[in-house]
Amino acid sequence: MSAVTAEHHDGSREDQHHGPDKGILRWVLTTNHKDIGTLYLWFSFLMFLTGGTMALVIRAELFQPGLQIVQPEFFNQMTTMHGLIMVFGAVMPAFVGLANWLIPMMIGAPDMALPRMNNYSFWILPFAFSMLLSTLFMEGGAPNFGWTFYAPLSTDYAPPSVTFFIFAVHLMGISSIMGAINVIVTILNLRAPGMKLMQMPLFVWT
Amino acid sequence: MPVLAGVVTMILMDIHFGTAFFNAGGGGDPVLFQHVFWFFGHPEVYIMILPAFGIVSAIIPTFARKRLFGYDSMVYATASIAFLAFIVWAHHMFTVGIPITGELYFMYATMLIAVPTGVKVFNWVSTMWRGSMTFETPMLFAIAFVMLFTIGGLSGLMLAIVPADFQYHDTYFVVAHFHYVLVPGSIFTIMAAAYYWLPKWTGHMYDEALGKAHFWLSFIGVNVTFFPQHFIGLSGMPRRIPDYALQFADYNLVSSCGAFLFGFSQLLFLFIVIKCIYGGRKASDQVWEGAHGLEWTVASPAPYHTFSTPPQDMSEAHG
């Protein structure tokens, strides 16, 4: 009896017919945790290379004493953007991507708890970082006050582009809050029946 | 992140709407900004390291072919670090003139973090102790993480000492410290995770020889880049400057060479990942013989939908 029921509820064969859509819309509209995890990871790698290039500009200038390659103003923009992009663009999305891919599989859940919000929280990021990077081409240059943007450097003495920087940080904040809510809700509500908190893999704990 | 959103909004209002949250001339206080920022900022840096701990705690038991030495203590150490992260923010601000009692509190609270972190490092080492270890690429990255993160942790302890921090604040020593915890800490574990789960994601094994080459290039590159920065920091070079005094020239040259080595070896990583997506030896479902966890019970590559029916057996759920 139980074997029959299990067979009846076994979704694996049925799943074969529910493959992903084709083309670009698969990625834009996806609510699948694996697709979104992949998007996060590729986005993070792209940002890692972007921030890394800025780090190489910094190290190239510091190769020898004296000013050879870039002006001090641009150097400050590079240090600021390197920090912001690496922290918010490379490391955090990479961990969210890993969480998306792995947490549902580790706790035996079919997907994240809030799949549509999952899609939004990823797709906000490209806009946030395009806005942040666009400040490099604005009059007065990109933010130049270090990634910690201490006042008053970021208020009274800041370039005009700081407004765009603030909105970009707002967007990243919304994205990461939604991502965090999703992860927490998934872990609390979608664990496979019988999995206690102390049976979760440590990656889920962290 | 809500705190960060709050503080940038305060800046926005200071600039555009004539408020004076951070402007002493208007009755505000610039130091308030630093308090609010680091109240966000310190938990933020732990957000970037705690998942790294989780990844390493998955990888080391797999390649040591032993269960994690102390699962419960790892969970409690994680919780303690997460809690302590919220009450140590002002150790970034020892030099702005906070009262001596405040400095003492933040110094001791910060040093307290070394205890749960020590528990974790002890756990990883004990897991490897007398295990049957093999050194595939994820394991190499994980071991490098344990070693180099410990170096970053120790320089963090040096910075936690208030009188020492007066000397080190805003020097390259700080740069060396946080790059040691973030690059071999976070970035190395992300790469370890990528190598570890790539077979599950793509259904193919990555190229082990190239993976090892990528590891060694990165490992050497990172150390050549950031280790000399300890020395130039201790001898007094400030951070965030485009030009510097002549006595720092040698170490800066070494550091730049290392940075280019590390930077370009990441292109090799890109190549390995793309190669793995398009081909390579077929991966089995289990992939690693010592791996535990539900993700290894599904097919490789993982089907588009998994666990439409919840799994039953929880005994193997954690490593």
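Predicted model: local features only at pLDDT ≥ 70, side-chain atom pairs only at ≥ 80, totals over all residues.
Visitor: Which residues of α6(B) are buried?

Guide: They are B:Pro116, B:Thr117, B:Lys120, B:Val121, B:Asn123, B:Trp124, B:Ser126, B:Thr127 and B:Met128.

Visitor: How do you know what span is expected of helix α6 of chain B?

Guide: The expected span is 1.5 Å times one less than the number of residues. Helix α6 (residues 114–128) has 15 residues, and its 21 Å from first C-alpha to last is close to the 21 Å expected. Just after α6(B), B:Arg130 has a positive phi of about 55 degrees.

Visitor: Why is B:Thr189 called buried?

Guide: Buried means under 20% relative accessible area. B:Thr189 has 0%, so B:Thr189 is buried. B:Thr189 lies in helix α9 (residues 172–202) of chain B.

Visitor: What does B:Thr189 touch, not counting residues up to four places away in sequence?

Guide: B:Thr189 touches A:Phe95 from chain A, along with B:Ala52, B:Ile55, B:Val56, B:Phe145 and B:Pro184.

Visitor: Which residues touch the most other members of the largest nonpolar core?

Guide: A:Phe129 and B:Trp197 do, in a core of 144 residues. Helix α5 (residues 72–107) of chain A gives the most to this core, 21 residues.

Visitor: What is B:Trp197 in contact with, leaving aside neighbours within four places in sequence?

Guide: The contacts of B:Trp197 are A:Leu102, A:Met106, B:Ile55, B:Ala58, B:Glu295 and B:Trp296. A second, separate core has 5 residues, among them B:Leu159, B:Tyr168, B:Phe173 and B:Val174.

Definitions and conventions:
Residues numbered from 1 in each chain as written. Chains lettered and ligands numbered in written order. Heavy atoms only, no water. Helix = DSSP H or I, 4+ residues; strand = E, 2+ residues; numbered from the N terminus. Buried < 20%, exposed > 50% of the residue type's maximum accessible area, 1.4 Å probe, protein only. Contact = heavy atoms within 4.5 Å. Core = buried A, V, L, I, M, F, W, Y, C linked by side-chain atoms within 4.5 Å.
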